[in-house]
Amino acid sequence: MTKLKLGPITEEKPVKATLELPASLHRDLAAYAELLGRQTGQPVRDPVQLIVPMLERFIATDRGFAKARRAKPAGDVSS
């Protein structure tokens, strides 16, 4: 089975954000959610739930971002 980068989705108190997704991205999220559900044994009811863990994973593994964070004062990662 394919090893996915995301693990089980945890429930946390959300912060409301509104965004529009291209239909093709939503289809990809739905397909990823199905694969993730089969891999973890925990079905993902709403593919949009994947956006936050995907962004968290992306940020956590972005070496350039981590380097910039270490080099600049807290809260100042612009440019």
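## Exercises on a predicted model

The protein exposes about 6800 Å², and carbon and sulfur atoms supply 57% of that area.

**Exercise 1.** State how confident the prediction is, and find which helix has the lowest mean pLDDT and which the highest.

*Solution.* Then go to the helices. Confidence is highest in α1 (residues 23-40), with a mean of 95, and lowest in α3 (residues 63-71), with a mean of 85.

**Exercise 2.** Describe the secondary structure and the sequence range of the contacts.

*Solution.* Count the elements: there are three helices and zero strands. Read from the N terminus, the order is α-α-α. Next, take the contacts between residues at least 6 apart in sequence: 58% of these join residues at least 24 apart.

**Exercise 3.** Determine what share of the residues is buried, and list the residues of the largest nonpolar core.

*Solution.* The protein has 79 residues, of which 15% count as buried, the cut-off being under 20% relative accessible area. The largest nonpolar core holds nine residues: L4, L6, L29, Y32, A33, L36, V44, L50 and I51. Helix α1 gives the largest share of this core, four residues.

**Exercise 4.** Which residues does Y32 touch, leaving out those up to four places away in sequence?

*Solution.* Y32 belongs to the largest nonpolar core. With those sequence neighbours set aside, Y32 touches L4, K5, L6, L50 and M54.

Conventions. Residues are numbered from 1 along each chain as its sequence is written. This is a predicted model: local features need pLDDT of at least 70, side-chain atom pairs count only at pLDDT 80 or more; totals for chains, interfaces and linings use all residues. Side-chain values use heavy atoms; hydrogens and water are left out. pLDDT is the predictor's confidence in each residue, from 0 to 100. Helices (H or I, at least four residues) and strands (E, at least two) are DSSP runs, numbered from the N terminus. A nonpolar core is a set of buried Ala, Val, Leu, Ile, Met, Phe, Trp, Tyr and Cys residues joined through side-chain atoms within 4.5 Å. Buried means under 20% relative accessible area, exposed over 50%, partly exposed in between (1.4 Å probe, protein chains only). Contact means heavy atoms within 4.5 Å. Accessible areas come from the Shrake-Rupley method with a 1.4 Å probe; for residues, only the protein chains shown count as cover.
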